[in-house]
Amino acid sequence: ILFEGGLNLDWRKLRREAGTIRLLVTLGAVITAVGGMLAARLALGWGWQLSILFGTLVVVTGPTVITPLLRRIKVKHNLETVLEAEGVFIDAVGAILAVVALEIVLQPTRSSLVLGVLGFPSRLLLGGLIGLFGGFLMMLLLRIRGVVPEGLENVFALALALALFQVSDMIMPESGISAVIVAGLVLGNVRTPVTRGLKEFKEQLTVLFIGMLFVLLAANVRMSAVTSFGMNGILVVAILMFIVRPLNVWACTMRSGLNWREKLFLSWLAPRGIVAAAVASLFYVRLYQEGLEGGEELQAMVFLVIGVTVVFQGSTGALVARWLGVRRPSGLGYAILGANEIGRELARQLQDDGKEVVLLDANAEECEAAQQAGFRVVYGNALDERVLRSAELESRRGAIGTLTNEAVSLLFAEKAYGEYKVPRTYVAIQRGHGSISPGMIEDAAASVLFGHEADLDLWSVRIRRGIAGVEKWTHEPSNGESSEGGTKNRIDVPRELQNVILPMSVQGGESVEPVSHRTRLRQGDVVSWLVFSEREDEARAWLSEQGWQSQQGAQSGGGT
């Protein structure tokens, strides 16, 4: 689980927020441990030993809960980076801190205290070094073809992660946690042929493990033990949530540059996860074996903290983020792959209606032409993470591929939908290539741009030569036919006219969308058609026969 957490951390983002993250996992861990200890001591009347153990157990937050919440809430990138990194790194710090505290409690001597204080940084450092070596070893073995049998890369990475944990723990107990986190961080920030598939596999495996572990660990907790705390237990959780966490965040972010809204959101979101539950169960077993009391109460109180923080903060996180204005913007227009004539004309139709549009292309000449036309352009390989981040793909309403190389457009759409959660994706099919079929596009949850195959090269040449222009026609079904259920609610251009007229965008009310095979028309919708000038009479005659009404004076030229 922690290996997968490290695998998803972006080193470049970590560097930008390094100061805040470093304080949260050091000074913040101390503040939380002390605050939790005092809360248990004052509200529950526990002894100092049990209170200290409780304080160290609630230090962790954990990626198992934080990451799914952030994917749903979609807060600003800096907050997302801080919370994810804190959740991953604090698990290692908190777990080792808790185990050291347990060792001191079980053997309360001066020598055990000295060994515990010295052993804490030693475990972190040793685990980090072993993880660094293991991460680079994984990277090298996965990059060299033939070393790992094809199809077994995911299993190999899992086995090596488990081996790293075991080897590190054999050298120094509890150092394996930091080893697997660092190994995941290294492997997740280098390119290998299987990086993307590995992340997907680890994510699925983590979901399985989390569900299984929570059930197994919770089965050892009696409900009567949890409810026996009454309002005092709720008071402890409230102190952790509304006093200790805000104090922690504000102390660690004083010089961070975060505004008060961002600090308040960081203060609000700190649910505990599976690591706290697992270590609490370990403590229960160890205390029972040593004949010490309080293990069951300690475990039950930790589960109460987990349950309340997950339910309360998880259910209110989105509302608080919206109220504070820290959510990432969404639905901000379109990202179009292809700054060619077709891409620019489609961008013009969408942008004229007020939609924000960004064009991506690796062709310097096309990018320059798009910039001269007044469009925002991102130059580079559109499958590169840096380029996609520059285009702010995660905030886009839709992603559109207009390249004549439709295979690249399809990969772009898959990446936009799968990794950046762009809700609408479109792919243009170049007529005559045959490399991509409409079925393949639908399997990728995308739509066929323009509703059918199109000769993109031909239309681009026509626009460049000024022999194709855009005309707007209103959908007015004849004979009172309902546009909701009739046959004319689809844009279906006959094959013999597909090189004469091309549907570009459709406007219904205040919304403008690219035309696709999924487009369904309503009465009064306005469609922008790209028309071949030398056969415009033929195109207009067909449109009139289909019940379309020309918008007089509403014509604009792509090249005319």
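Colleague: What share of the contacts in the protein chain with a separation of 6 or more comes from residues 24 or more positions apart?

Modeller: That share is 75% for the protein chain. Keep in mind that this is a predicted model.

Colleague: Thanks! How many helices and strands does the chain have?

Modeller: The secondary structure comes to 23 helices and 11 strands. The C-alpha trace spans about 95 × 55 × 45 Å along its principal axes, and buried residues make up 53% of the 560 residues.

Colleague: I clicked on T425 in strand 5. Buried or exposed?

Modeller: T425 is buried, because its relative accessible area is 2%, under the 20% cut-off. Not counting residues up to four places away in sequence, T425 touches A399, A413, A416, Y417, A445, A446 and S447.

Colleague: A445 is on that list. What is its phi, and where is it found?

Modeller: Phi of A445 is near 65°, a positive value in a residue other than glycine. A445 is in the loop between helix 21 (438-443) and strand 6. It counts as partly exposed at 32% relative accessibility. As background, most residues other than glycine have a negative phi.

Colleague: Which loop holds E392, and what is its phi?

Modeller: E392 is in the loop between helix 19 (385-390) and strand 4, with phi near 50°. Its relative accessible area is 33%, so E392 is partly exposed. K74, which follows helix 6, also has a positive phi, near 55°.

Colleague: Since you bring up helix 6, how many of its residues are buried?

Modeller: Eight of the 11 residues of helix 6 (residues 63-73) are buried, and the helix is mostly covered. The buried ones are P63, T64, V65, I66, T67, L69, L70 and I73.

Colleague: New topic, the largest nonpolar core. Which residues touch the most other members?

Modeller: Those are W46, F54, M138, L187, F265, L298 and M301, in a core of 92 residues. Leaving aside its neighbours within four places in sequence, W46 is in contact with A40, R41, S51, F54, F229, E297, L298 and M301. Another core of 29 residues lies apart from the largest one, with F375, I400, V470 and M504 among its members.

Colleague: Nice. Now helix packing: at what angle do helix 9 and helix 10 cross?

Modeller: The axes of helix 9 (residues 153-171) and helix 10 (residues 176-188) cross at roughly 145° and come within 8 Å. The crossing is right-handed. On helix 9 the contact is made by A161, L164, F165, S168 and D169, and on helix 10 by G176, I177, A179, V180 and A183.

Colleague: Last one, L458. Where does it lie, and how far is its C-alpha atom from that of R431?

Modeller: L458 lies in helix 22 (residues 456-465). The C-alpha atoms of L458 and R431 are separated by 10.0 Å, with the two residues 27 apart along the chain. L458 counts as partly exposed, at 27% relative accessibility.

Terms used: Residues are numbered from 1 along each chain as its sequence is written. This is a predicted model: local features need pLDDT of at least 70, side-chain atom pairs count only at pLDDT 80 or more; totals for chains, interfaces and linings use all residues. Side-chain values use heavy atoms; hydrogens and water are left out. Buried means under 20% relative accessible area, exposed over 50%, partly exposed in between (1.4 Å probe, protein chains only). Helices (H or I, at least four residues) and strands (E, at least two) are DSSP runs, numbered from the N terminus. A nonpolar core is a set of buried Ala, Val, Leu, Ile, Met, Phe, Trp, Tyr and Cys residues joined through side-chain atoms within 4.5 Å. Contact means heavy atoms within 4.5 Å. Axes are lines fitted to C-alpha atoms, for helices over the stretch in contact, and angles run from 0 to 180 degrees between N-to-C directions. A crossing is left-handed if the near helix is turned anticlockwise from the far one by less than a right angle, and right-handed if clockwise.
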